[in-house]
Amino acid sequence: KTSSAKEDIHRSLHLQILSSFAEILQSTKIMMSDTSTDLAARLLNTVAVGRGSYVPNETQYLDNRLPGITFINSMREFTLKECTFYLRRLEITPVTIITHTTLSDPIVGSINRLTDTFISGLQAHFPSTISTVMKTAAKLRAVTNTGTNCDICFLPIIQRDSVVEKLSTLEMEEGLCTGCQIAVSESEQSVRRLISRTSTTKDILDEFLIE
């Protein structure tokens, strides 16, 4: 079972938890902490895991995948380096949240870590890398509502082309997009139980938080 699949599911469940708390607090907006460095790496990761059609949805300033709740990428215009220098200037110590993702090997742990390392390495030698990637993403059109949303990531489900359908060996499950179907098929049984409709927020927290 791959770390990439677990990280993919982890992000979707993370959004589910945030949306659950937002509903409890009667909030309609959630501000995310992802910088342009994070979003640029996510763009490449999104393409690599079979979600290329959703690149604009994952990197745009406003994410309206959930009805009634808007995820705001408020740090989208700042790189991780800029944020780090700003915190040092204010003598504020950054806080790192320990998760399965941060504990994985930074080089070969998963596709997500590989793309993050790749983007960071390019940015170190070519300072315009991240801005170029983000400008390219901004030119793409986000997938609009198709009438059916994925049960895991909440993104609109795109019907696969008939040719792709014939060539694919993946048996599609109803209610899941192609990317989530791939992630679920490569995940452990404990993770599969979490994405069932009977799972609670506490079940998700118990699985993914590190004691």
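User: In which helix is the place of Ile24?

Analyst: Helices are DSSP runs of H or I with at least four residues, numbered from the N terminus. Ile24 has its place in helix α1 (residues 3-24). This is a predicted model, in which local features need pLDDT of at least 70 and side-chain atom pairs count only at pLDDT 80 or more, while totals for chains, interfaces and linings use all residues. Residues are numbered from 1 along each chain as its sequence is written, and side-chain values use heavy atoms, with hydrogens and water left out.

User: Is Ile24 buried or exposed?

Analyst: Buried means under 20% relative accessible area, exposed over 50%, and partly exposed in between (1.4 Å probe, protein chains only). Ile24 is exposed, because its relative accessible area is 64%.

User: Where is the place of Glu82?

Analyst: Glu82 has its place in helix α4 (residues 80-89). With a relative accessible area of 42%, Glu82 is partly exposed.

User: How many residues apart in sequence are Glu82 and Thr35?

Analyst: Glu82 and Thr35 are 47 residues apart in sequence, and their C-alpha atoms are 9.5 Å apart in space.

Note on methods. Helix = DSSP H or I, 4+ residues; strand = E, 2+ residues; numbered from the N terminus.
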